[in-house]
Amino acid sequence: VPAPTGVAQRVPKRRGRTSGHGVTVFGVGTEAIFLGGRSGVGKTTVALEMHAQLTANDVPHGVIDGDFLDMAHPLPWAHKLAEQNLAAIWHNYRALGYQRLIYINSASVLPDITDELIAAMGDSPTVCAALLTCSDAIAAQRLTQREQGSALDRHLRNSATTAALLADSVSDCVHVISTDQRPVADIAIQILATARWLPPIR
């Protein structure tokens, strides 16, 4: 049965292979779902709904918000602190037997960033990547509701810049999913079904 459309799967070159139709053949072992998209698109909301769906179905998994792995001033990007912290946290998850990870970060679906995250996880996970999108108006509305402090203007500017970058730079294997006027549960279930993380309906 073909997987639902809307999300593409991506695996490391040394582990994965691609069919003639561009659909990745799933590997064996650990798995990750990377959720990318501009600020205000609903990444965290969708991830939390995915967590709720998986929990309701008793599917073991972990959730990591990549934005908090290197939140500091001055910015530690040059030191790859987010990747180092991901490696450490995922190691701890793996020690407890977890094999599935939902990872949230705006740029996680960019090819170079995806490769760095896969390398940081260290166990050649099969990756399902989803780029969430929304209109400028919806992003502004959501950010205005969410941000109560002095950073709103910065978030609005960065959101627009990130949206343009992602639109121009994501790989063809990452399918764009609009969150405009769609129930959160529908988006979450679509991604989880594509990743084959939900048990079959009986």
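Select Lys 80. Lys 80 is partly exposed, at 38% relative accessibility; buried means under 20% relative accessible area, exposed over 50%, and partly exposed in between (1.4 Å probe, protein chains only). Its phi is positive, about 55 degrees, although Lys 80 is not a glycine. Lys 80 sits in the loop between β3 and α2. Helices (H or I, at least four residues) and strands (E, at least two) are DSSP runs, numbered from the N terminus.

This is a predicted model: local features need pLDDT of at least 70, side-chain atom pairs count only at pLDDT 80 or more, and totals for chains, interfaces and linings use all residues. Residues are numbered from 1 along each chain as its sequence is written, and side-chain values use heavy atoms, with hydrogens and water left out.

Stay in the loop between β3 (62-65) and α2, and pick Pro 74. A cis peptide bond joins His 73 to Pro 74, with omega about 0 degrees.

Now go to Asp 58, in the loop between α1 and β3. Asp 58 is not a glycine, yet its phi is positive, about 55 degrees. Asp 58 counts as exposed because its relative accessibility is 69%.

Next, show helix α2 (residues 81-95) with helix α3 (residues 111-121). Their axes are 8 Å apart, at an angle of about 40 degrees. Axes are lines fitted to C-alpha atoms, for helices over the stretch in contact, and angles run from 0 to 180 degrees between N-to-C directions. The angle makes α2 oblique to α3: under 35 degrees counts as roughly parallel, over 145 as roughly antiparallel, 65 to 115 as roughly perpendicular and the rest as oblique. Which residues meet? Glu 83, Leu 86, Ala 87 and Trp 90 in α2 meet Glu 116, Leu 117, Ala 120 and Met 121 in α3, where contact means heavy atoms within 4.5 Å.

Switch to helix α1 (residues 43-56) and helix α6 (residues 184-195). Their axes come within 9 Å and cross at roughly 65 degrees. α1 and α6 are therefore roughly perpendicular to each other. Residues in the contact include Met 50 and Leu 54 of α1, and Ile 187 and Ile 191 of α6.

Last, select the cysteines. How many disulfides are there? The count is 0, a disulfide being a pair of cysteine sulfur atoms within 2.5 Å. Cys 128 is buried, at 3% relative accessible area. Cys 173 is partly exposed, at 24% relative accessibility.
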